[in-house]
Amino acid sequence: MPQAARFLTFHKPTLTESVERSVHAELVAVLVAVTNGEPRVLTTDDARALPAGPFKLSHRSLQAGLRAWVEEQTHHPLGYVEQLYTFADGDRSDESGARVMSVSYLGLTREAGETGVAQVGWQDWYRYFPWEDQRTGTPALVEEIIVPRLAAWCEDSSDAAVRMRRRQRAAITFGLDGSPWNEDMVLQRYELLFEAGLVPEAARRGGKGAVVPGEPMRHDHRRILATGIARLRAKIKYRPVVFELMPAQFTLLQLQLAVEALAGRGLHKQNFRRLIEQQALVEETGEMATGTAGRPAKLFRFRRDVLLERAIAGSKLPLSRAM
């Protein structure tokens, strides 16, 4: 064969090589609502997965593909949406062995009751991360279950430097040994528990299989959910996206409960109301809430002339000193 012809001869990949080279793009939605003061996430597969589906060339954009898949799977329209993160770890693969890249999105909406689709429904997100709900203080499971098991993992090394690093990570992520609780570190806490082999998902990759309370999800969807919660917790501190989750009219108490539900922290009532008033984010409707116990409360609405990208002064939630 002439040398020029050899250069034009292409190698035909084997089946194994084709699988190794193929990458499937998956779109995953973390769709959040607040209902009756509780943070909710839309799930599929009997609460074991997030809405997801492959990206198709017929979709004009990733976001268009996401909207199409979510509405097809759940019969639920998407409102506010922003790209969250792209998960492309080398060990992510489907049943055929092909590598899977997940492009995740965070969506904010209002729960519209039953989805009308089997295996699709809304779940309290603290079902998956019970240690994250610190609204009334540190949950008992942290001191009674998580701390002892993390302590055992920290000491399970013959290397003194490794033991020290593990203890430091546990203290920082879970607010131990005098470190403050940082509500934004949702992903870091889950990943620490994963590394310590304390969540069921770790057992799938050769972990010890010992578990702490919290429902697992298929694939790495709980990790994606943790990423979405962390993003939203950080964002509500400086952008008024919480109003995407509120009805057209609401009381200031309802607004505070929604923020507390998302943050997983209790807020100082007067500081919270002062912050809202200073930013002129809401205005009175002239109506009063009915059907509630006690003194009727004023109803407010979000001032739509305030740009959604407007920053809220300060970088911390007005947390109650009692917390």
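Reader: Fine. What is the average pLDDT, and what share of the residues score at least 70?

Author: This is a predicted model, and the protein averages a pLDDT of 82, with 76% of the residues scoring at least 70.

Reader: Where is confidence lowest, and where is it highest?

Author: The lowest mean, 40, belongs to helix α2, which covers residues 15–21, whereas helix α5, covering residues 160–174, has the highest, at 97. Over residues 1–21 the pLDDT stays under 50, and for that stretch the model has 9 contacts beyond four places in sequence.

Reader: And the make-up of the protein, how many helices and strands?

Author: There are 10 helices and 8 strands. The protein has 323 residues, of which 44% count as buried, and its accessible surface comes to about 17,000 Å², with 52% of that belonging to carbon and sulfur atoms. Among the contacts with a separation of 6 or more, 62% are between residues 24 or more positions apart.

Reader: Let's go to α4 and α5. How do their axes run relative to each other, parallel or antiparallel?

Author: The axes of helix α4, residues 140–155, and α5 come within 8 Å and cross at roughly 155°, an angle over 145 degrees, so α4 and α5 are roughly antiparallel to each other.

Reader: Which residues meet there?

Author: From α4 the contact takes in I146, L150, W153, C154 and E155, and these meet R163, R166, R167, R169, A170 and F174 of α5. By class, the residues of this contact divide into 6 nonpolar and 5 charged, with no polar ones.

Reader: And α9 with α10, at what angle do they cross?

Author: Helix α9, residues 252–263, and helix α10, residues 269–279, have axes that cross at roughly 105° and come within 11 Å. That angle makes α9 roughly perpendicular to α10. On the α9 side the residues are L252, L253, L255, Q256 and V259, and on the α10 side they are K269, F272, R273 and I276; the contact of α9 with α10 divides into 6 nonpolar, 1 polar and 2 charged residues.

Reader: Changing topic, where is T251, and is it buried or exposed?

Author: T251 is in the loop between α8, residues 221–235, and α9, and T251 counts as buried because its relative accessibility is 9%, which falls under the 20% cut-off.

Reader: What does T251 touch, leaving out residues up to four places away in sequence?

Author: With those left out, T251 touches A289, A297, K298 and L299. The C-alpha atoms of T251 and M288 are separated by 8.6 Å, although the two residues are 37 residues apart along the chain.

Key. Residues numbered from 1 in each chain as written. Predicted model: local features only at pLDDT ≥ 70, side-chain atom pairs only at ≥ 80, totals over all residues. Heavy atoms only, no water. pLDDT = per-residue confidence, 0-100. Helix = DSSP H or I, 4+ residues; strand = E, 2+ residues; numbered from the N terminus. Contact = heavy atoms within 4.5 Å. Axes fitted to C-alpha atoms, helices over the stretch in contact; angles between N-to-C directions. Parallel < 35°, antiparallel > 145°, perpendicular 65-115°, else oblique. Nonpolar A, V, L, I, M, F, W, Y, C, P; charged D, E, K, R; others polar. Buried < 20%, exposed > 50% of the residue type's maximum accessible area, 1.4 Å probe, protein only. Areas by Shrake-Rupley, 256 points an atom, 1.4 Å probe, with all protein chains shown as cover.
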